[in-house]
Amino acid sequence: MRMVDEAIRKNNIEIVSPRYNEDMCTEPYFSRYPFFGLPTEVEDCDIIYHE
């Protein structure tokens, strides 16, 4: 959890909102290059951040 908090702080992220399909479900997929950390299953999200 500390890794997530640090990524949010370092990138001035204010809101993270998962993207849902028409059935109100997320669509996880495997990524070799996630935003942070090791390769894993991820979900796309919309973010609001400050420059």
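The model is predicted, so local features need pLDDT of at least 70 and side-chain atom pairs pLDDT 80 or more, while totals for chains, interfaces and linings use all residues. Residues are numbered from 1 along each chain as its sequence is written, and side-chain values use heavy atoms, without hydrogens or water.

**Stop 1: the largest pocket.** The largest pocket holds about 500 Å³ of space. A pocket here is an open set of points on a 1 Å grid over the protein atoms alone, where a 1.4 Å probe fits, with protein on both sides within 12 Å along at least five of seven lines; lining residues have an atom within 4 Å of a point. The volume is the space filled by probe spheres set on the points, which are joined across faces, edges and corners.

**Stop 2: P18.** P18 is partly exposed, because its relative accessibility is 29% (buried is under 20%, exposed over 50%, partly exposed in between; 1.4 Å probe, protein chains only). Beyond neighbours within four places in sequence, P18 contacts T26, D44 and C45 (heavy atoms within 4.5 Å).

**Stop 3: the rings.** Select F35 and F36. They form an edge-to-face aromatic pair, 5.9 Å centre to centre with 75 degrees between the planes (Phe, Tyr and Trp rings, the six-membered one for Trp, with centres within 6.5 Å; under 30 degrees is stacked, over 60 edge-to-face, the rest tilted). F35 is exposed at 57% relative accessibility; F36 is partly exposed at 33%.
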